[in-house]
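This report goes through one protein model, part by part. The chain itself is shown first.

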Amino acid sequence: MVFDGVVLSILVGFIRKGSLKGLAYLELKGALIFPIILVIQVLVYLFQDKLPILGAASSYIFMAVYIVGLYFLWLNRNLHGFLLIFTGVFLNFLVMAVNGGRMPVSLEAAEILDPIYIEVLKNGIYGKHALLTESTRVAFLGDVIPVTLPFRNGQVISIGDVLMNIGVFLFIQETMVNHEKRATDEVKLS
């Protein structure tokens with residue numbers, strides 16, 4: 001869902017006469033952290049079924065990735081939208097941490113998904129997701145919001161995902177549009 005939010009944010013930025021040039025001037029603290037934890041998540045997802053030891057440790061790895069990701073977001077909390085992104089990631093981390101390192105997914109909300117996904121979810125763990133049950137803690141923070149889009153398959157998202165997307169939108173708008181305004185103001189002052 002975050003990918004959809006990024007694409008929408010960039011499109012709105014262009015409509016608002018913004019530019020991606022602002023990305024070149026970003027000064028992220030710990031900039032290498034994000035790509036590294038992204039690669040780790042993808043590798044765990046791809047190989048957790050093939051390597052039993054990785055599968056057994058995957059929930060711990062996902063929790064470690066979230067902690068490092070939260071650290072990265074906190075380092076950059078001064079950037080527009082990053083506190084909202086941090087809050088969304090923290091809520092997702094919280095619900096996963098109290099539920100064995102997996103994001104609980106509502107079966108009712110998941111009815112919009114491909115039946116294969118639902119079957120895999122019923123039979124156990126799917127990636128970093130698990131079926132929401134009566135014993136799920138803070139279930140309202142799990143993936144309980146069904147989203148259908150005309151151009152994409154349905155998704156089930158969490159409150160944390162919503163907050164992350166709002167934060168990403170604000171950050172991208174600031175980076176694309178206000179960078180252009182600052183650059184124009186600097187040229188006028190010269």
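## Helix 1

In helix 1, the residues Asp-4, Gly-5, Ser-9 and Gly-13 are buried, meaning under 20% relative accessible area with a 1.4 Å probe and protein chains only; over 50% is exposed, and values in between are partly exposed. Helices are DSSP runs of H or I with at least four residues, numbered from the N terminus. The model is predicted, so local features need pLDDT of at least 70 and side-chain atom pairs pLDDT 80 or more, while totals for chains, interfaces and linings use all residues. Residues are numbered from 1 along each chain as its sequence is written, and side-chain values use heavy atoms, without hydrogens and water.

## Nonpolar cores

A nonpolar core is a set of buried Ala, Val, Leu, Ile, Met, Phe, Trp, Tyr and Cys residues joined through side-chain atoms within 4.5 Å. The largest has 28 residues, and Tyr-66, Leu-73, Phe-82, Ile-85, Val-89 and Met-96 have the most contacts inside it. Helix 3 (33-47), helix 4, helix 5 and helix 7 (159-189) each supply at least two residues of this core. Another core, of eight residues, lies apart from it and includes Val-105 and Leu-113.

## Aromatic rings

Rings of Phe, Tyr and Trp (its six-membered ring) pair if their centres lie within 6.5 Å; planes under 30 degrees apart are stacked, over 60 edge-to-face, and the rest tilted. The count is six aromatic pairs. The centres of Trp-74 and Phe-86 are 5.4 Å apart with planes at 55°, so this pair is tilted. Ring pairs also join Phe-34, Phe-72, Phe-82 and Phe-171 into a cluster.
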